[in-house]
Every structure is written in structure tokens, then in C-alpha cells.
Amino acid sequence: MTPNIRSKLPKIRTTIFTTVGNLARKHKAIDLSQGFPDFEVDTSLIALVNQAMENGHNQYSPMQGLLELREVLSHKIKKLHKKYYDPISEITVVAGATQAIFTSITAFVHPGDEVIVLKPAYDCYEPAIKVNGGVPVHVSLEAPCYQIDWEFFKTKISSKTRMVIINTPHNPVGRIFSKKDMLQLQEILSDTNIILLSDEVYEHLIFDGEQHQSASRFPDLASRSIICSSFGKTFHVTGWKIGYCVAPKELMQEFQKVHQFNVFCAPRPVQHALATYLKTESHYLNLGAFYQQKRDFFLNAIKDSRFTFMPSQGSFFQLLDYSKITDERDDEFVKRLIVEHQIASIPVSEFNLNDRNDHMLRFCFAKKEETLRKAATILNGL
């Protein structure tokens with residue numbers, strides 16, 4: 001007899017990325033939905049992974065990650081953000097940022113604890129909160145600018161608030177937190193026992209001469225922050241599922257208690273390769289310009305379309321407002337675009353509070369120019 005199952009996530013549906021991806025493949029659509037590049041990885045990085053495998057680095061790494069890689073990361077953060085993290089006790093290599101986010105929430109959120117989530121929000125946050133018995137508390141960001149009303153934010157803090165989650169650069173809306181935003185957040189959280197979970201997976205994808213305002217730059221925020229980053233996003237290898245997490249020693253100890261029984265460690269040969277590859281700083285320091293060129297190519301190609309937009313400030317993503325084209329809900333419009341026009345995007349309502357429809361679609365521009373050109377031809381014809 002099949003057991004009577006009481007779901008811990010009864011309202012969770014199949015992720016929108018799976019749903020749209022399956023539909024896009026069925027209709028052979030140009031896929032600008034999920035955030036992954038369609039161009040090749042640097043062959044020298046592939047060679048370094050192969051070399052590590054051939055050199056016998058194929059067994060478990062230390063649970064925290066290879067010390068050599070953690071030392072390189074410590075140096076990188078100190079150089080970029082003027083903050084030192086001890087590679088022995090304050091850095092962990094993880095099996096992708098999603099694992100780091102889930103592990104962070106599991107380590108610190110108890111049943112009944114409240115976690116403030118800014119909506120729209122990436123879709124992995126709330127399931128992790130709920131499965132651990134936490135309670136998401138929403139702060140809604142309003143289209144088209146999606147700025148934070150910090151006075152309203154303050155009203156959502158209570159004696160039950162255990163954690164705040166931020167994401168900069170932001171997925172799906174492509175905005176970045178300014179220095180002023182981070183200082184306001186630091187002031188609000190000072191003298192509290194609230195942990196900040198800062199999702200910074202697009203840390204190097206910042207455009208128009210702006211600078212990434214990592215939580216590590218702000219002393220009080222850094223003292224309460226778990227910062228999650230992604231090698232997959234930085235080095236065009238999203239399928240490798242590898243990233244890193246930094247936090248003060250006391251927070252990292254609790255993080256690692258869960259991490260060791262979750263995945264234990266990330267793939268060892270990839271860690272060896274990244275430890276060497278990260279010493280070539282030109283890649284990640286030039287990444288903002290590399291993706292800004294793709295953003296600008298895409299936006300220039302659709303400038304005569306009926307879509308309206310504010311250029312993305314960072315990330316892989318550009319929001320397009322389609323309200324001059326149709327009054328349809330975004331999820332219905334996405335389906336029609338795939339079936340009738342063979343182009344795939346993501347409806348922003350999937351990330352919004354109560355499926356709010358802002359008439360916004362998210363397009364990924366981390367693609368070859370040929371792909372973006374074909375996509376633009378379709379979008380210009382709508």
C-alpha cells in the first residue's frame with residue numbers, strides 16, 4: 001500500500017524553468033529563458049580540469065574545499081572589497097550557490113522564524129524557508145524600477161525575524177543594490193540578531209561603470225552575513241554546479257555542520273582547476289564589459305520593437321515590458337510566444353508576490369550574437 005504522504009511543500013509546482021524549457025524544446029524555440037550561456041567555455045579551463053583528473057585528483061576534497069582555492073578566494077575578496085576572510089575558518093567551497101542558500105537557511109532558520117524576502121525573488125528562497133518551518137515575510141518591489149522602500153522594509157522586522165535575504169545583482173529584475181541601499185540596510189539591521197543572506201552570484205556582472213556593493217564591504221553587514229557566490233556564473237560553466245560561501249567564523253561553523261551532511265564537498269578536479277585559473281584575474285575583472293556588450297547588442301537590436309525597457313544594471317537578464325503589445329497575463333503570453341513565434345522567456349509573475357502581473361518578461365542575453373540577432377528579429381515582428 002502506498003504510504004499516505006503529507007507534503008512539506010504542498011503548494012510547490014514544477015519550477016518555471018523546467019516548464020518553459022520543456023515547452024521551448026518541444027517547439028524548437030530560441031531559448032532566452034533559463035540563465036545559461038550558449039557559447040563555449042575557455043578551453044584552458046577545460047584543460048586544467050582534465051589535467052587535474054589525469055594527475056589523480058579524483059577523490060574527496062576536504063569538506064571545506066581545497067585550501068589552495070580558499071586562499072585564492074581570500075586574496076580575491078580582500079583585493080576587491082577590502083575585507084579579509086580567513087581561508088581556514090571562514091570560506092567554504094560549495095556544490096553551487098543554490099546548495100549554499102539552502103544550507104544557510106537550514107543552518108539558521110528554526111520553525112516559526114521569519115525570513116524577509118524581497119519580491120520578485122529567485123524561486124529557490126521560499127521553498128527552503130518553508131521546508132525548514134520558517135515563515136517568509138514579503139517586501140514587494142514595484143515595477144518598473146523595483147527600488148526598495150526602506151521605511152516599509154523596517155515595518156516588516158519583528159521579534160521573530162531571523163534572516164533577511166538580498167540578491168545583488170538581482171535575478172530576475174537586473175537591478176543592483178547601491179552603496180546607499182547597503183548603508184540603509186546596515187543601519188536597519190544594526191543592534192539586531194538578524195542574519196543577512198546575501199546572494200551575490202552575479203558579483204562580476206556589473207554594468208555602466210558601477211561597482212558591486214558586496215555585503216563584505218560594510219563592516220556591520222559583514223559581521224552578520226553569509227555571502228553566496230557562483231563559479232558557474234563567472235566562468236560560463238553553470239552545469240558544473242560549483243561556488244563558494246564566506247561568513248564570519250561563528251556563522252561558518254554552523255553552516256558547515258549542515259554542509260558536511262548535505263553534499264560534504266564539491267568536485268575535486270574542478271577545485272584544482274579553479275585554484276589555478278582564478279590567478280588569471282583578467283577574466284572576472286573584464287566580465288562586466290563582456291556582458292554589457294551583449295546587453296547593449298540585444299537592446300540595440302530591439303530598439304524599434306514595441307517592447308519598452310530600462311537597461312539591466314547587472315546579471316544575465318533583461319526585463320522587457322510588453323504592455324504596448326497585449327493585455328495578456330505574462331505566463332499566457334510566454335506560452336504563446338513559444339508556440340506561435342518560437343521564442344522562450346520567463347514570466348516575472350512567477351517570482352512576484354501573489355503572482356502579480358507587471359507585464360514583464362525576463363530574457364537572458366548570455367548568448368552568442370547570432371542567437372540574440374535571431375531572437376530580436378522575432379521580437380521586432382510582434
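The expected span of a helix is 1.5 Å times one less than its number of residues. Helices here are DSSP runs of H or I, at least four residues, numbered from the N terminus.

First, the ground rules. This is a predicted model, where local features need pLDDT of at least 70, side-chain atom pairs count only at pLDDT 80 or more, and totals for chains, interfaces and linings use all residues. Residues are numbered from 1 along each chain as its sequence is written, and side-chain values use heavy atoms, with hydrogens and water left out.

Now H2, residues 43-54. Its 12 residues should span 16 Å at 1.5 Å a residue, and the end C-alpha atoms are 16 Å apart, so the two agree.

In general, an α-helix has 3.6 residues a turn, so residues three or four places apart point the same way.

After H2 comes Gly-56, with a positive phi near 90°.

Next, Leu-372, in helix H15, residues 369-380. Leu-372 counts as buried because its relative accessibility is 0%. Leaving aside residues up to four places away in sequence, Leu-372 touches (heavy atoms within 4.5 Å) several residues, including Leu-32, Lys-294 and Phe-298. Phe-298 is 74 residues from Leu-372 in sequence, yet 6.0 Å away in space, C-alpha to C-alpha.

Methods:
Helices (H or I, at least four residues) and strands (E, at least two) are DSSP runs, numbered from the N terminus. Buried means under 20% relative accessible area, exposed over 50%, partly exposed in between (1.4 Å probe, protein chains only).
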